[in-house]
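Hi everyone, and thanks for making time this morning.

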Amino acid sequence: MSAQSQPRRVENLHTDKGKVPVYATGIVAQPWDEYSADDHATWATLYARQRELLVGRASSEFLRAQDAMGMTPDRIPRYAQLNAVLEQATGWTLIGVEGLLPELDFFEHLANRRFPVTWWIRRPDQLDYIEEPDLFHDLFGHVPLLMNPVFADYMAAYGRGGVKAHAIGPDALQNLTRLYWYTVEFGLIREAEGLRIYGSGIVSSSGESVHALESAAPNRIGFDLERVMRTRYRIDSYQKTYFVIDSFEQLMDATRPDFTPVYARLATQEAIPAGTVLDTDTVLQRGTGAGWPTDADA
Ligand code: HBI
Ligand code: FE
């Protein structure tokens, strides 16, 4: 990509004290003509690899929606082309962003049915893993399900909930962020043929697409709103627990009520470590915990 024409590429800062997230609020036009051959090749490689892995693993609605959008497997899709289909289907549109948005900006976009998609894609040497959301994670992982009317409503309701939680305070925000994490990013859904993946963090990861359904290590527990909001998580390893919904309607119904009384109840309860199973859980599968990081449980 020629340097002078591209918007800013805002990534985590790598300091000697570890990585520091950098936030940017800029909305940018997708510089489609500036993508390099490497950029398109990275998209094509990841797209082909994930689509092959996800047959029989991703939720049928995810695969159907991705095909319905007409995403091009061989080159980075144009946001404008996807918007023409997406806006018609559920009123959502994609906006290009430089990288991570401050939380309130992020929530306000979602509340207005604007999904922020990072304009840049990871470098070839980051093919297997990148910490922050790049174009592949956002476009391949998050965007297809916005074609589903119920999930699209859930994402807009989540944005409105985020704006409210931001005004209430950090504890409410933490509870709500856990809900996002264990549904939008790492959620599983029960289908007639078995458990399937709908979380973007899983569908955009080759390793976790297999781990989430086939490893014996993690717990798989039936979705319960307050249980999820109490459960801590780690961002740097596969999930220790996955929560399973029966349908997107269940998810939408569970999150329809105002959360203020929920936050008040949760404020009196301890957070739950990521790998814990409670007696009150609907346990679909208790994990062995094999291979989990042994350091203090997140
Ligand atoms: N910004 N661009 C972008 N994409 C995200 O997924 C994102 C973000 N900012 C904050 C954020 N996600 C999470 O902290 C939400 O839970 C708020
Ligand atoms: Fe994400």
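**A walk through the model**

Let's start in the middle: the largest nonpolar core has 79 residues, and Trp43, Phe115 and Leu139 are the ones that touch the most other members. Please keep in mind that this is a predicted model. As a bit of background, nonpolar side chains in soluble globular proteins tend to be buried together.

Take Phe115 from that trio. Which residues is Phe115 in contact with, leaving aside its neighbours within four places in sequence? There are Trp92, Thr93, Leu94 and Ile95, then Leu110, then Asp138, His142, Val143 and Leu146, and finally Met155 and Tyr180.

Now for the sheet. You're looking at an open sheet of 3 strands, in the order β3-β4-β5, and the pairing is mixed. The edges are taken by β3, residues 27-28, and β5, residues 114-118; each has a single partner strand, so one side of each is left without a neighbour in the sheet. Strand β4, residues 93-97, runs parallel to β5, and 5 bridges join the two. If you'd like one pair to find on screen, look for Val97, whose bridge partner in β5 is Thr118.

Helix α3, residues 79-90, touches β4 and β5, and its direction makes about 150° with that of β4. Helix α5, residues 135-142, also touches β4 and β5, with its direction at about 140° to that of β5.

Let's move over to another pair of helices. In general, two packed helices are described by the angle between their axes and the distance between the axes. For α1 and helix α2, which spans residues 60-69, the angle is about 140° and the axes are 11 Å apart. Their crossing is left-handed. On the α1 side, Tyr47, Arg51 and Leu54 meet Phe62, Leu63, Gln66 and Asp67 of α2. Sorted by class, that contact has 4 nonpolar, 1 polar and 2 charged residues.

One last stop, still in α1, which covers residues 37-54: here we find Ala44. Is Ala44 buried, partly exposed or exposed? Ala44 counts as partly exposed because its relative accessibility is 23%. Not counting residues up to four places away in sequence, Ala44 touches Pro73 and Asp74. Asp74 is 30 residues from Ala44 in sequence, yet their C-alpha atoms are 4.7 Å apart in space.

Terms used:
Residues numbered from 1 in each chain as written. Chains lettered and ligands numbered in written order. Predicted model: local features only at pLDDT ≥ 70, side-chain atom pairs only at ≥ 80, totals over all residues. Heavy atoms only, no water. Helix = DSSP H or I, 4+ residues; strand = E, 2+ residues; numbered from the N terminus. Buried < 20%, exposed > 50% of the residue type's maximum accessible area, 1.4 Å probe, protein only. Contact = heavy atoms within 4.5 Å. Axes fitted to C-alpha atoms, helices over the stretch in contact; angles between N-to-C directions. Left-handed = near helix turned anticlockwise from the far one by under 90°. Nonpolar A, V, L, I, M, F, W, Y, C, P; charged D, E, K, R; others polar. Core = buried A, V, L, I, M, F, W, Y, C linked by side-chain atoms within 4.5 Å. Pairing = 2+ DSSP bridges.
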